[in-house]
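Here is a short briefing on one protein chain. Look at the sequence and the 3D view, then read the points.

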Amino acid sequence: MPRYTIDFDDEFDKTLTNLVKTSDATTKADVIRRAVAAYSYLKNAQKAGKNAKIAITEDDKVTKEIVLP
């Protein structure tokens with residue numbers, strides 16, 4: 001399995017730590033793997049000509065849309 005060494009600032013490390021504590025991810029590496037998988041899925045959908053965006057909903061109403069560049 002390939003290994004990577006990446007330098008993150010303290011704020012990013014705090015974000016990763018918080019995500020491990022508040023999600024079902026088990027490690028910081030797991031958080032990063034999931035983030036890359038989600039990004040890859042959206043970019044592939046975008047390449048296929050689909051409207052690749054993330055919708056934030058509340059009470060079944062879209063409150064925010066995040067569109068990939």
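This is a predicted model: local features need pLDDT of at least 70, side-chain atom pairs count only at pLDDT 80 or more; totals for chains, interfaces and linings use all residues.

Residues are numbered from 1 along each chain as its sequence is written, and side-chain values use heavy atoms, with hydrogens and water left out.

**Overall build**

- The protein chain has two helices and two strands. Helices (H or I, at least four residues) and strands (E, at least two) are DSSP runs, numbered from the N terminus.
- Read from the N terminus, the order of elements is α-α-β-β.
- The radius of gyration of the protein chain is 15 Å, well over the 11 Å that the globule rule gives for 69 residues, so the chain is more spread out than a compact globule. This radius is taken over C-alpha atoms, and the globule rule is 2.2 Å times the number of residues to the power 0.38.
- Along its principal axes, the C-alpha trace spans about 35 × 30 × 20 Å.

**Surface and contacts**

- Of the 69 residues in the protein chain, 12% are buried. Buried means under 20% relative accessible area, exposed means over 50%, and partly exposed lies in between (1.4 Å probe, protein chains only).
- The protein chain exposes about 6,200 Å², and carbon and sulfur atoms supply 55% of that area. Accessible areas come from the Shrake-Rupley method with a 1.4 Å probe; for residues, only the protein chains shown count as cover.
- Take the contacts with a separation of 6 or more: residues 24 or more positions apart account for 12% of them. Contact means heavy atoms within 4.5 Å.

**The largest pocket**

- The largest pocket has a volume of about 410 Å³. A pocket is an open set of points on a 1 Å grid over the protein atoms alone, where a 1.4 Å probe fits, with protein on both sides within 12 Å along at least five of seven lines. Grid points are joined across faces, edges and corners, and a volume is the space filled by probe spheres set on the points.
- Its lining includes Met 1, Pro 2, Tyr 4, Phe 8, Lys 28 and Ile 32. Lining residues have an atom within 4 Å of a point.
- The lining holds seven nonpolar, no polar and three charged residues. Ala, Val, Leu, Ile, Met, Phe, Trp, Tyr, Cys and Pro count as nonpolar, Asp, Glu, Lys and Arg as charged, and the others, Gly among them, as polar.

**Helix H2**

- Ile 32 counts as partly exposed, at 31% relative accessibility.
- Leaving out residues up to four places away in sequence, Ile 32 touches Phe 8 and Leu 16.
- Ile 32 and Lys 50 are 18 residues apart along the chain, and 25 Å separates their C-alpha atoms.
- Asn 44 is also in helix H2. Asn 44 is partly exposed, with a relative accessible area of 45%.

- Asp 9 lies in the segment before helix H1 (10–22). Asp 9 is exposed, at 52% relative accessible area.
- Asp 59 is in the loop between strand S1 (53–58) and strand S2 (61–67). Asp 59 is exposed at 69%, and its phi is near 55 degrees, a positive value in a residue other than glycine.
- Asp 60 lies in the loop between S1 and S2. Asp 60 is exposed at 78%, and has a positive phi of about 65 degrees although it is not a glycine.
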